[in-house]
Amino acid sequence: KNQAFFEYDRKHSRGIPIAILGSANYSKFLEGFDFDRGVYGNDLQQLLQPYISKYKQLIDVSDIYNEIYKWEAIQNFQEHWDLTSDDLVGMIDKSFPGNNNLWSSQNYYPITMLKGLAYSNPEKVRAALDALFDEGVDLTVRVQNYKTTMDDLLKEHNRTTGKEDKHHYQDGRTIALLLAFNEPSKYFLFKYSILKSFCEKFKLEAPKKGDIVNQILINNEVSGLVKNILTEDEELLQLHEDRLTSSSFTMDDYNI
């Protein structure tokens, strides 16, 4: 039964689970996989339990838990994002207001740079974003094409402005942010240091730092495994839902 799954998986998933776990651990993954439910089995589930318990305690204490801004930021995005807007820069600014740490930190300014590129060439940026969100095209192709277009736009931007900006910051983290904000029930937020730490703790193989395509694919895969475990805990889900505010996005299917 596992051999049949292995052959199907190798053909249809481009070997993503093997990339996550490493070939040496792949057979162990199959042994721990619940084929009837289609989720990873008891090993990871058991390992996560202490962290789930700590998380329950954390979100039940209002003066400590401060992550709701993520759901509120997505709700704001959903209300303002409109690629048909005549004022593309202004629309992006309203969709990503202020210096939220999801898109702004020391030496990391992806939205600021995106607005700068949109000011220089709004139609090319508009087309790049529209193509990134086109669910009719394979995600691997969309991510790579978006990155290539941003590389070209940065060169063009530097030529026309006389600047020497070295980064547009449209990396795996930013692309995952855009995807997750646009389709919160399908994609997951991503930060390389978090994924790397999680993979190291639970003996999973993390993608290389510069490989943005596999970063996003593997983050989606790992997050999906964790989500399947979290959503079995009804107490956790209720605690979470009780914490959401009136300005929080609620249709993320627990992806956030």
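## Basis of the report

The structure is a predicted model, in which local features need pLDDT of at least 70, side-chain atom pairs count only at pLDDT 80 or more, and totals for chains, interfaces and linings use all residues. Residues are numbered from 1 along each chain as its sequence is written, and side-chain values use heavy atoms, with hydrogens and water left out.

## The largest pocket

The largest pocket holds about 1,500 Å³ of space. A pocket is found on a 1 Å grid over the protein atoms alone, as an open set of points where a 1.4 Å probe fits, with protein on both sides within 12 Å along at least five of seven lines. Its volume is the space filled by probe spheres set on the points, which are joined across faces, edges and corners.

The lining of the largest pocket comprises 38 residues, where a lining residue has an atom within 4 Å of a point. Nearest the centre of the pocket lie Y55, K70, I194, L230 and I256. At least two lining residues come from each of α4 (42-59), α5 (69-80), α10 (172-182), α11 (192-201), α12 (212-230) and α13 (234-243); helices are DSSP runs (H or I, at least four residues), numbered from the N terminus. Helix α12 gives the largest share, six residues. By class, 24 lining residues are nonpolar, seven are polar and seven are charged. Here Ala, Val, Leu, Ile, Met, Phe, Trp, Tyr, Cys and Pro count as nonpolar, Asp, Glu, Lys and Arg as charged, and the others, Gly among them, as polar.

## Helix α9 and its partners

Helix α7 (residues 110-120) packs against helix α9 (residues 139-161) at an angle of about 65°, and their axes are 10 Å apart. This makes α7 roughly perpendicular to α9 (65 to 115 degrees; under 35 is roughly parallel, over 145 roughly antiparallel, and the rest oblique). Axes are lines fitted to C-alpha atoms, for helices over the stretch in contact, and angles run from 0 to 180 degrees between N-to-C directions. The crossing of α7 and α9 is left-handed, a term used if the near helix is turned anticlockwise from the far one by less than a right angle. In the contact (heavy atoms within 4.5 Å), M113, L114, G116, L117 and S120 of α7 meet Y146, M150, L153, L154, H157, T160 and T161 of α9. These residues divide into seven nonpolar, five polar and no charged.

Helix α8 (residues 122-132) and α9 pack at an angle of about 165°, with axes 9 Å apart; α8 and α9 are therefore roughly antiparallel to each other. Their crossing is left-handed. The contact joins K124, V125, A128, L129, A131 and L132 of α8 to R142, V143, Y146, T149, M150, D152, L153 and E156 of α9. Nine of the residues in the contact of α8 with α9 are nonpolar, one is polar and four are charged.

## Helices α11 and α12

The angle between α11 and α12 is about 55°, with their axes 11 Å apart; the two helices are therefore oblique to each other. The crossing of α11 and α12 is left-handed. Y192, L195 and F198 of α11 make the contact with Q215, N219, V222 and V226 of α12, a set of five nonpolar, two polar and no charged residues.

## Positive phi values

Y169, in the loop between α9 and α10, has a phi near 65°, a positive value in a residue other than glycine. Y254, in the segment after α13, is not a glycine either, and its phi is positive at about 65°.
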